[in-house]
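Please keep the sequence and the structure in view while reading.

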Amino acid sequence: MALLEVQAIGKTFGGLQAVKDLSFTVEPGEILGIIGPNGAGKTTAFNMIAGFFPPDSGSIRFKGEDITGRRPWDISHRKIARTFQLSKPFGDLSVLENAMVGGFHHQGGRGAARRKAEEMLAFVGMTPQAAVEANNLTATDRKRLELARCLATDPELLLLDEVVAGATPTEAGVMMELIRKVRAGGVTIIMVEHVMRVIMGLSDRVLVLHHGETIAVGAPQVVSKDPTVLKAYLGERHVQPGNS
Amino acid sequence: MTQPASRNGLLYAAPAAALLLLLFLPAVVRGDYYLHVLVGILFFAYMASAWNIVCGYTGQLSLGHSALCGIGGYISTLLLINLGLSPWLGMLVGGVCATIVGILIGYPCFRLRGPYFTLTTIAFAEILRIWAENTEEILGIELRGAQGISVPLKGHHPLFFQFEGKVAYFYVILAMLLMVLAVTFWMERSRMGFYLKAIRADQDAAEALGINSTRYLLSAMALSSFLTALGGSFYAQYFRYINPERNMGLDLSIEFALMGIVGGQGTVLGPVLGAFLLTPAGEISRATLGGRFPGLHLAIYGLVLVLAVMFLPKGLIQPIRQCLRRPPAGEAGTGTPEARSAAS
């Protein structure tokens, strides 16, 4: 059984159809990459899965259970975690305290939350920065902190929204290693990303969104040569017949 | 681990010393006036701390807490007059009523942010005050409108919250202050404290981590409302007279908030510090210049607030905390993260 089944979800903002009839499934242990030009509806899809707003139509099932329209905290307790495109650290808390907020997800007191937080900070390699105020972190460290905070809630499905955006190639490499480690720990991942090297290197399958619609799904090497995809990204003139 | 331990000790030793001093102060202080000022300081420290539980930790500025104070005062007094119920029990009833009101007001207000939240809390509090000022009686219970109600005298009767002299009141409000500080201390370190601070920093991110923000905001509101009403009952019993202007006027809300903000909101001892600085400042200006310049203490509060927001936005407690916490030069960064964060 698929871990996540998205069935024909749609969302309209005013007159703009942000996501149209989007369907896909995610198998346990998989990394699904979602790509698409700006405004394709990637983050909107994430927001609907994570419960930030309900889809206008369609349904979302997680582990066979209908979670359509549930609220974010409810989704989180069903073991789906997300990061944000613009990272949202709790700025006036320390790195450790940030991770502890995730750690309190479980029953058990402050001690348990703290142990979980320390474990996750060690996992993402931020132990030396534990006492730093989150406001003082670099952009990439904020992303790493967000990842640690999410992992402290013990998710089964992780939604990563552009975690390498703005990173240097070295930092992106570190983040890729981390994502591999997270998956190796049994977490299923959906990632939205613009950096092709990352998406091609990590994804088992890639889904391409354009104007809120799926235009291609499949293995990274296949999708990257799909003429519709190239057209969406580069425009008609640049796709020469027989180029693939 | 060893070095910050002594520093940590100092962090707890300073308040402990202040407490010891306070415990013996009534033995030294002569004259009812000074004792009266001390009771005032402790009362405002208590109220600012109760306010801080919701406003300091959620970052939303309520100026409606005077209504909760008034509810506590009125309900305990009316129960005493009409049913002969001791204010010790009446204040608990008042606390429960204020909790319900706090939740009912908080539910719509917490959907708003910033100034909109503040204005709505003012509106609710003012509606209640104006209603009380213009209501002579309701359901056969005399409220006496703007005239106010006197608490019937029972002489020295501890069971009815009435004492000879001011010393007993001093210890009662001191005990109440210690209770609210203990509650704040516990809350700050619990799941609830972490969650409130997370919501304050970023509500979306908090919700994505499984925090039902409405539930936690309303819990904080309920706790703060209950404690504020207890303080309101004390205020009524201490002065033995209540009226809407004095017990639920907007002035009171502003004073609670001001002391919390100037002292350092979102910290356990910040509001206490604010009350210890601002109450005497207000009292002195009223005592020495009050006749000639009515309302001067408000101007002083305003000035202090402007200075505090400009130079110490996290409150007067911030530099003190930093002094106590900063590792000596050369040792920075050598402590383990655990040890360093233990001091926070």
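In this predicted model, Ile80(A) stands opposite Leu157(A), a residue of strand E7 of chain A. Strand E6 of chain A, which covers residues 80–82, is joined to E7(A) by three bridges, and these two strands run parallel.

**The other neighbour of the strand**
- E7(A) also pairs with strand E8 of chain A, residues 188–192, in the parallel sense and over five bridges.
- Within E8(A), Thr188(A) is the bridge partner of Leu157(A), the residue that also has Ile80(A) opposite it.
- To pass from E7(A) to E8(A), the chain goes through helix H6 of chain A, residues 169–184, and this β-α-β crossover is right-handed.

**Burial and side-chain directions in E7(A)**
- Strand E7(A) spans residues 157–161 and is mostly covered, with five of its five residues buried.
- In a regular strand, the side chains alternate between the two faces of the sheet.
- Leu157(A), Leu159(A) and Asp161(A) point one way from E7(A), whereas Leu158(A) and Leu160(A) point the other way, and all of these residues are buried.

**The contact between chains A and B**
- Chain A contributes 27 residues to the contact, while chain B contributes 21 residues.
- On the side of chain A that touches chain B, the elements giving two or more residues are helix H2 (72–77) and helix H3 (95–103) of chain A.
- Of these elements, H3(A) gives the most to that side, namely five residues.
- By residue type, the side of chain A that touches chain B divides into 13 nonpolar, eight polar and six charged residues.

How values were computed: Residues numbered from 1 in each chain as written. Chains lettered and ligands numbered in written order. Predicted model: local features only at pLDDT ≥ 70, side-chain atom pairs only at ≥ 80, totals over all residues. Buried ≥ 20, exposed ≤ 12 C-beta atoms within 10 Å, placed from the backbone. Helix = DSSP H or I, 4+ residues; strand = E, 2+ residues; numbered from the N terminus. Pairing = 2+ DSSP bridges. Right-handed = clockwise from strand over helix to strand, strands pointing away. Contact = placed C-beta atoms within 7 Å. Nonpolar A, V, L, I, M, F, W, Y, C, P; charged D, E, K, R; others polar.
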